[in-house]
Amino acid sequence: MPTVTRRTVLTAGAAVAGVALDPLMAREGAGQASAATGSAPITLRVNGKSHQLVLDPRTTVLDALRDHLHLTGSKKGCDQGQCGACTVHINGERVLSCLTLAIAAQGQRIETIEGLAAADGSLHPMQKAFIDQDAFQCGYCTPGQIMSAVACVAEGHCGSDADIQEYMSGNLCRCGAYPKIVAAIKQARGQRENS
Ligand code: FES
Ligand code: FES
C-alpha cells in the first residue's frame with residue numbers, strides 16, 4: 001500500500017484542480033474568440049415584431065434601435081443615463097435604452113415611440129395630449145417624455161402636479177416645456193379615467 005504523504009496529497013489536489021480548471025480556461029478562450037469576432041446573434045422583439053440581428057455584444061438597445069432597426073424615434077441625448085431622451089418600455093416599464101444592452105433585452109417586449117399609435121394610425125392619448133397642450137418646442141426630448149409619461153400614468157404616479165414632476169424628473173427638456181408637459185399628462189390622465 002503506497003504511503004500517503006503531504007506531498008502526494010498536494011500533487012493529487014493539483015491534478016484535480018487542473019482537470020477542473022481546464023474547461024474553464026477553454027470557456028474563457030472561447031469567450032475571447034467570440035469577442036474577437038466582434039458579433040453575436042441577437043433577437044429583439046420590438047413593437048410586436050421579432051428582429052434577428054448580428055451585433056457587437058456591447059451594443060445598447062438604443063444603438064440597436066437607431067442604427068440597426070432604423071427606429072430613430074428614441075433619441076440619443078447624453079448616452080449616459082442622465083437625460084431620458086432614450087426612454088423606451090421594456091415589458092411595460094420605462095427603461096433608459098442607452099444603459100441597457102441589447103443582448104440582455106432578448107426575450108423581452110420592447111416598445112418604442114413608433115409603436116405607441118394604434119394600428120390604424122390614431123394617436124395614443126398621450127401623444128394627442130402633448131399636441132393639444134403644445135408640450136414641446138424643438139421636440140428632441142419629446143419621444144422620451146411621452147414614453148415616460150405613459151408609464152407615469154400607468155404606474156399611478158400622476159395624482160398631483162408634484163407627483164408628476166417627481167416621477168418625470170428623469171426626463172430633461174432643454175426648451176423648458178415642463179409646465180405644458182405636466183398639463184399634457186393631466187389631460188391624458190383624465191382621458192384614461194373617463195375611458
Ligand atoms: Fe439615455 Fe440620455 S440618452 S439617458
Ligand atoms: Fe426641446 Fe424638450 S422640447 S428639449
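Among contacts in the protein chain between residues at least 6 apart in sequence, 57% join residues at least 24 apart. A contact here requires C-beta atoms, placed from the backbone, within 7 Å. The structure is a predicted model: local features need pLDDT of at least 70, side-chain atom pairs count only at pLDDT 80 or more, and totals for chains, interfaces and linings use all residues. Residues are numbered from 1 along each chain as its sequence is written, while chains are lettered from A and ligands numbered from 1 in the order in which they are written.

The protein chain has six helices and five strands. These are DSSP runs numbered from the N terminus, with helices (H or I) of at least four residues and strands (E) of at least two. Along the sequence the pattern reads α-β-β-α-β-β-β-α-α-α-α.

The five strands form an open sheet of mixed pairing, in the order 2-1-5-3-4. Pairing requires at least two DSSP bridges between two strands. Strand 2 (49–55) and strand 4 (93–96) stand at the edges with a single partner strand each, so one side of each lacks a neighbour in the sheet. The twist averages 40 degrees from one strand to the next. Strand 3 (residues 87–90) and strand 4 run antiparallel and are joined by four bridges. In this pair, Ile90 stands opposite Glu93.

Two helices lie across the strands. Helix 4 lies across strand 3 and strand 4, at about 40 degrees to strand 3. Angles run from 0 to 180 degrees between N-to-C directions, with axes fitted to C-alpha atoms, for helices over the stretch in contact.

Buried residues make up 32% of the 195 residues in the protein chain. A residue is buried if 20 or more other C-beta atoms lie within 10 Å of its own, exposed if 12 or fewer, and partly exposed in between. In helix 3, the buried residues are Pro125, Met126, Gln127, Ala129 and Phe130.

The largest nonpolar core has 42 residues. Such a core is a set of buried Ala, Val, Leu, Ile, Met, Phe, Trp, Tyr and Cys residues joined through C-beta atoms within 7 Å. Helix 4 supplies its largest share, six residues. Those with the most contacts inside the core are Val61, Ala149, Cys152, Ile181, Ala184 and Ile185. Leaving aside neighbours within four places in sequence, Cys152 is in contact with His157, Cys158, Ile164, Tyr167, Met168 and Ile185.
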